Amino acid sequence: MASKKLLLLVVLFVFAQVTTNAQTNWGWDWKDTSKVAVKDLPQHNEFMNNQYPYPAKPRSQWEIGLGVGPSWIGGDVKSKLGFALGVSARKSLGHIFSVRGSIDVARNSGAPSLYGTTLLPVPQVAYVNKMMALGLDVIASLNTPSYYRGNPKTNIYVLAGYSIVGSKTFYADPAGQQLGGGYNVFYGQRPGQANTQDGLITRMGGASTNAVGLMHAFNLGFGAAFKVNDRISIGLEQKFIFSAKAYDYLDAWKDVRNDNGDHISMTTAKVNINIGDQSKRVQPLYWINPNNYIYNELNAPKHMKMPKVVLPDADKDGVTDQFDMEPNTPAGAPVDSHGVSKDTDGDGVPDYRDKELLTSQKCFPVNNDGIGTCPENPCCKEIKEMVTNMQANMKPSCTISALPSVQFKGATTKLSKDAMVVLSAAAAQLKANPTCNVKVIGYGATSKAAQQQSWERVNAVIKYLVEKQGIAESRLLFVYAQDGKANTVDLQGTTEEGPNSVPAPHPNLKSRN
């Protein structure tokens, strides 16, 4: 009773480990560069900077497998149940395909039926076969990608590949001295049979291989592995090994009426262990759902460039519609925190129509323009006229005499550290001269590519001054594709006004550097 309880606890623990891994382990942190190979770091850096949509593939662990189980030979003589052992090393190429090298050994035997010993021209006899196969397989995992769960806890796969097989067959002979007596080595013939080496490799490296039946073979199979934890999985696999040239003497007998070759079958229970430093490698990729990153990012974005949230504001007064108590305020009209037009002097005429913002209450009522009925003081009228005339004659001036130029190297459109230092100094001058606007002038008009490059460089300078230096975008005039040195962007102080952004002329030629 106690042993049954212990077994139940072990099963529940394994199930809990598998379930927990499948639900919470997303495989790896996409920001972790320690698991990315050096050759893939440029792609990883572009991905991290939102310049390339696909992350780099992480380095993954190898899987070492040990297998044992029953084996038999599919041939002409009735086979008994033998056994097979195998060791393998598997490496994932991606989330679906992987390659596996293996060494398998098997010992099989068989004994003929009454029909085989009495009714055939050449009677069948009992046999023993010892086999070793060195194989290389391509494995396809069938259930790794999924849209409805995280990492798989079961890996179902099919395999196909090549083996070179060394086989030694013994047949029953009362006078034989092999296997403790009663067996002889089958070298391609038995009494009553013609000697044949059909389907065998008879020489290798200049030496004869007659002592062992050496042959090319191909493998087919399928299996399933069940994950215990991030290091260990257990599985069951069925594998068939077929001679490439239909060799028919693995059981020391051939039916001359057909050319059906013998084959070896192995059903093995496997224990697989992932090897490799977990701080530098992820588990084999067939245990990681490739959709993990996509769905995790959709659920809780950490990398996507999200657009700024813009709440509806129909009259553009800065108060969103859900809180705006006057949703149709004219453009530019000053409003309070509830979106209602301000009326500073309380005369009933909103400030945006009031031509006399501070009308004294003793001059109420006012006309439609917010002007009170009190006569204007001659002194005030004279001062008003003087101020009006002064404002009409005043022209904005700019005292900036010279601003530095920004240099770009090669075909790059990104600002260097030196260029940022230059722009920081220019920004200090602009902040000290608030009446000045600046022309940002790019050069290069000889081709469409040059015009696009000129546009990108001017855009990079304006973006840096606005986002990093706090210069108002309305003060920066966008000028590009002028005749001049293509690697230079000039800054010129001015009182002129003009566009501070223009559409890219040839976006299809956008540079990636």
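Reply: Let us start with the disulfide, which is defined as a pair of cysteine sulfur atoms within 2.5 Å. The model is predicted, so local features need pLDDT of at least 70 and side-chain atom pairs count only at pLDDT 80 or more, while totals for chains, interfaces and linings use all residues. Residues are numbered from 1 along each chain as its sequence is written, and side-chain values use heavy atoms, with hydrogens and water left out.

Me: How many disulfides does a search of the whole structure find?

Reply: The search finds 1 disulfide. Cys 398 is joined to Cys 436, with an S to S distance of 1.9 Å. The angle about the S-S bond is 115°, and the link of Cys 398 and Cys 436 is right-handed.

Me: Which parts does the pair of Cys 398 and Cys 436 tie together?

Reply: Helices (H or I, at least four residues) and strands (E, at least two) are DSSP runs, numbered from the N terminus. Cys 398 lies in the loop between helix 5 (378-393) and strand 12 (406-407), and Cys 436 in the loop between helix 6 and strand 13, so the pair ties together parts that are 38 residues apart in sequence.

Me: Is Cys 436 buried or exposed?

Reply: Buried means under 20% relative accessible area, exposed over 50%, and partly exposed in between, with a 1.4 Å probe and protein chains only. Cys 436 counts as buried because its relative accessibility is 0%. Cys 398, at 24%, counts as partly exposed.

Me: How is a nonpolar core read, and which residues of the largest one touch the most other members?

Reply: In soluble globular proteins, nonpolar side chains tend to be buried together. A nonpolar core is a set of buried Ala, Val, Leu, Ile, Met, Phe, Trp, Tyr and Cys residues joined through side-chain atoms within 4.5 Å. Of the 25 residues in the largest core, Leu 415, Leu 423, Val 440, Val 461 and Leu 491 touch the most other members. Helix 6, strand 13, helix 7, strand 14 and strand 15 each supply at least two residues of this core. Its largest share, 7 residues, comes from helix 7.

Me: Which residues are in contact with Leu 423?

Reply: Contact means heavy atoms within 4.5 Å. Leaving aside neighbours within four places in sequence, Leu 423 is in contact with Val 406, Leu 415, Val 461, Tyr 464, Leu 465 and Leu 491. A second, separate core of 23 residues includes Ile 73, Tyr 171, Leu 250 and Trp 253.

Me: In what order do the strands of the open sheet stand?

Reply: Two strands pair if DSSP finds at least two bridges between them. Here 4 strands form an open sheet in the order 12-15-13-14, with mixed pairing. Strand 12 and strand 14 stand at the edges, each with a single partner strand, so one side of each is left without a neighbour in the sheet. Strand 13 and strand 14 pair in the parallel sense over 5 bridges, and the bridge partner of Lys 439 in strand 14 is Leu 477.

Me: In which sense do strand 3 and strand 4 pair?

Reply: Strand 3 (residues 97-110) and strand 4 (residues 127-141) pair in the antiparallel sense over 14 bridges. Strand 4 is also joined to strand 5 (residues 154-172) by 15 bridges, and these two run antiparallel.

Me: Finally, how many aromatic pairs does a search of the whole structure find?

Reply: Rings of Phe, Tyr and Trp (its six-membered ring) pair if their centres lie within 6.5 Å; planes under 30 degrees apart count as stacked, over 60 as edge-to-face and the rest as tilted. The search finds 14 aromatic pairs. The rings of Trp 30 and Tyr 293 have their centres 5.7 Å apart and their planes at 75°, so the pair is edge-to-face.
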